[in-house]
Amino acid sequence: MRVNPDPYPDLLAAVAQTQQQIQTDEQEIASGQSVNLPSDDPAAAALLAQNAGQTAQADQFQRSIGSVQGEIQNADTALSR
Amino acid sequence: MTSIPKGRTSPAKSRRGNWGDDTGAGPGDSGNSDPIGYPGGRLSQCGEWGAGGWVRSERRRGNRLFNPPAASGVGAAANLSVAITDPALIAASSDGTPGSNGNAEAMYALNSQNIISGQSPTDYYSGIVFNVGNNASNAWRNKALRRWYCSSSTISWRRFPECRWTKRRPTWCSTRTPIPRRPRSSRRSMT
């Protein structure tokens, strides 16, 4: 059986790693998001960036549709008089 | 009028709305690392190109949409600014005829075209986010791993090629102390 004669550095490293994980988990709980930094999950962060662009595009579509609807309603009102 | 780098589409050709057959070739592919804002880059050309359109409300040729950056190269995009504040001044019509929206459609099409290093703007930005996140994650992991290596007493540094002859911790370890020898008592306990 192999015995580590000086286990404290390894124990301290493990404790530090656990502390880091706890800190990450607390951040996720506080924000309600699993990806707070791109380094948390680079692939997910890239997808989030794409989704943000698509969301902005969809919002613009909705604004445009609303604007056109208003114009059509005005035209309809004018024609019905 | 800005100068167009060698091999670029001329502004006159762009004004005719020749954006749909874009192959992705741009200043970024010819060694310029700032393809967006570079004079002659896509947004700058869009501004020049907007000057050739028509302002529907005033029935006249419009002004440019963007102020192209004076400087070229890295950081030029940061100096790019919007030249107009009233959206009604956007030259949506490409020929001045009622209902024409050729300019607006061409500008919108920029969103999905491969205009930056063969990628669409969204894909290019997404790639930047991935690379930054990946590099940061790897750097953190390497740092943690090296810290563990350097503080560990169980690693046989002699097995590392760079430590085989010096019998010391690697040069990237902050501690340059010799590798501790196991006490005799623990050596006996080895099987």
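Helices (H or I, at least four residues) and strands (E, at least two) are DSSP runs, numbered from the N terminus. The model is predicted, so that local features are given only at pLDDT of at least 70 and side-chain atom pairs only at pLDDT 80 or more, whereas totals for chains, interfaces and linings use all residues. Residues are numbered from 1 along each chain as its sequence is written, while chains are lettered from A and ligands numbered from 1 in the order in which they are written.

**View 1. Chain B, with elements in the order α-α-β-β-β-β-α-α-α from the N terminus.** The secondary structure of this chain comprises five helices and four strands. Of the 191 residues of chain B, 20% count as buried, a residue being buried if 20 or more other C-beta atoms, placed from the backbone, lie within 10 Å of its own, exposed if 12 or fewer, and partly exposed in between. Among the contacts in chain B with a separation of 6 or more, 45% join residues 24 or more positions apart, where contact means that the C-beta atoms, placed from the backbone, lie within 7 Å.

View 2. The pLDDT is below 50 over residues 1-41 of chain B, a stretch that has 84 contacts in the model beyond near neighbours in sequence. It also stays under 50 over residues 43-56 of chain B, for which the model has 54 contacts beyond four places in sequence. Where pLDDT is low, the predicted coordinates should not be read in detail. For the complex, the predictor gives an ipTM of 0.71 and a pTM of 0.56.

**View 3. Helix H2 of chain A, residues 42-80.** Chain A has two helices and zero strands, and 6% of its 81 residues count as buried. Helix H2 of chain A has 39 residues and reaches 57 Å from its first C-alpha to its last, close to the 57 Å expected at 1.5 Å a residue, the expected span being 1.5 Å times one less than the number of residues. In this helix A:Pro42, A:Ala45, A:Ala46 and A:Ala49 are buried.

**View 4. A:Ser39 and its contacts in chain B.** A:Ser39 lies in the loop between helix H1 (8-31) and H2 of chain A, and is partly exposed because 18 other C-beta atoms lie within 10 Å. Leaving aside neighbours within four places in sequence, A:Ser39 is in contact with B:Gly133, B:Ala136, B:Ser137 and B:Trp140.

**View 5. Two loop residues of chain B, B:Pro69 and B:Ser117.** B:Pro69, in the loop between strand E3 (66-67) and strand E4 (81-82), counts as buried because it has 23 C-beta neighbours inside 10 Å. The C-alpha atoms of B:Pro69 and B:Ser81, twelve residues apart along the chain, are separated by 7.8 Å. B:Ser117 is found in the loop between H3 and helix H4 (121-151) of chain B, and although B:Ser117 is not a glycine, its phi is positive, at about 50 degrees. With 15 other C-beta atoms within 10 Å, B:Ser117 is partly exposed.

Note on methods
Two residues are in contact if their C-beta atoms, placed from the backbone, lie within 7 Å. pLDDT is the predictor's confidence in each residue, from 0 to 100.
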